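I opened a new page for this structure.

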Amino acid sequence: MRTDALLSRFGYCSRREVAQWLKRGRVTRNGTPIKSPSEKVEPEEVLIDGEPVEFPRGIYIALNKPLGCTCSHKEEGELVYDLLPPQWLSRNPVVNTVGRLDKETSGLLLLTDDGAFEHAQTSPKRHVPKVYAFTTTAPIPASAVALFASGELVLDGERTPCLPAELVITGEQSGKLTLHEGRYHQVRRMLASVGAPVDTLERIEIGPLKLADLNLEPGEWCEIDPAIFAR
Ligand code: URA
């Protein structure tokens, strides 16, 4: 790619500022400063201010989302993006969450700057299973297991029933629910529909990825290999 495209793609500076960066010798290849914005380079072969380009083939990370932050670029208050290195937010394409978790849901959240990956993961056709651990403010009726598995539960205000979902009741007011789709506030609405409103909610698995295996404190992230999601 052109050097000016690289600097703006990876969030270093705008195309307008590239000439200044090159004049100051901030971009080098094999120890030699690159002089022309149009010079073609591979992201892996350049150093910028002496450092390699971070995630030259795209950002794919898993974040342990803490409670209280929002999956949005725009809203007021704390955002999941505040937990990432600021330079990532200047990249183009931008880093986005893969789907969303509610402000008051914690746990496993993927983020990427690869639009095709984001699209593939959120496509309703793929049915990537997601597992949620929850507690409720009232006992969970045993009948919810069969109802959720039936594929016949129609949520308030909707016409199409939810896809079959697997509910495992682990205590009077706790359980795990595996969903194969992602409707608005789906776990909360499903449990509310059986008289067991959610108290706490955490996503613990997305497809092959398990939060417990990642050793992430709330707010921490790690790189993941997107190939594990390929089928
Ligand atoms: N279901 C919900 O109700 N909330 C989430 O954040 C995710 C799934």
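**Entry 1: the model.** I noted before anything else that this is a predicted model.

**Entry 2: a sheet.** I looked up an open sheet of four strands and wrote down its order as β2-β1-β3-β4, with antiparallel pairing. I marked β2 (32–33) and β4 (51–52) as the edge strands, since each pairs on one side only. As background, I reminded myself that strands of a sheet pair through backbone hydrogen bonds, either parallel or antiparallel.

I then followed one pair. Strand β3, residues 46–48, runs antiparallel to β4, and two bridges join them. Which residue of β4 stands opposite Leu 47? I found Pro 52 there.

**Entry 3: the largest pocket.** I recorded a volume of about 750 Å³ for the largest pocket. Its lining has 33 residues, and the closest to the pocket centre are Gly 99, Arg 100, Leu 101, Gly 182 and Arg 183. I listed the elements that give two or more residues to this lining: the helices α3 (115–122) and α5 (186–193), and the strands β8 (130–136) and β11 (198–206).

Which domains does the lining draw on? I found at least three residues from each of domain 2 (60–124 + 211–230) and domain 3 (130–206). I also sorted the lining of the largest pocket by class and got 13 nonpolar, 11 polar and nine charged residues.

**Entry 4: the ligand.** Next I looked up the residues around the ligand. They are Leu 101, Asp 102, Thr 105, Tyr 132, His 185, Gln 186, Val 187, Arg 188 and Leu 201.

I checked three of these residues for distances to ligand atoms. Asp 102 has a polar side-chain atom 2.7 Å from a nitrogen atom of the ligand. Val 187 places a polar backbone atom 3.1 Å from a nitrogen atom of the ligand. For His 185, I noted a backbone N or O atom at 3.3 Å from an oxygen atom of the ligand.

**Entry 5: the cavity.** How many cavities of 30 Å³ or more does the structure hold? I counted one. I put the space in the largest cavity at about 30 Å³. Phe 10, Tyr 12, Val 53, Glu 54, Gln 87, Trp 88 and Arg 91 line this cavity.

Technical notes: Residues are numbered from 1 along each chain as its sequence is written. This is a predicted model: local features need pLDDT of at least 70, side-chain atom pairs count only at pLDDT 80 or more; totals for chains, interfaces and linings use all residues. Side-chain values use heavy atoms; hydrogens and water are left out. Two strands pair if DSSP finds at least two bridges between them. On a 1 Å grid over the protein atoms alone, a cavity is a set of points where a 1.4 Å probe fits but cannot get out, and a pocket is an open set with protein on both sides within 12 Å along at least five of seven lines; lining residues have an atom within 4 Å of a point. Grid points are joined across faces, edges and corners, and a volume is the space filled by probe spheres set on the points. Ala, Val, Leu, Ile, Met, Phe, Trp, Tyr, Cys and Pro count as nonpolar, Asp, Glu, Lys and Arg as charged, and the others, Gly among them, as polar. Domain bounds come from an automatic or database domain assignment. A residue is near a molecule or strand if one of its heavy atoms lies within 4 Å of it. A polar contact is a pair of N or O atoms within 3.5 Å; within protein, one must be able to donate a hydrogen and the other to accept it, and residues adjacent in sequence count only if both atoms are side-chain atoms.
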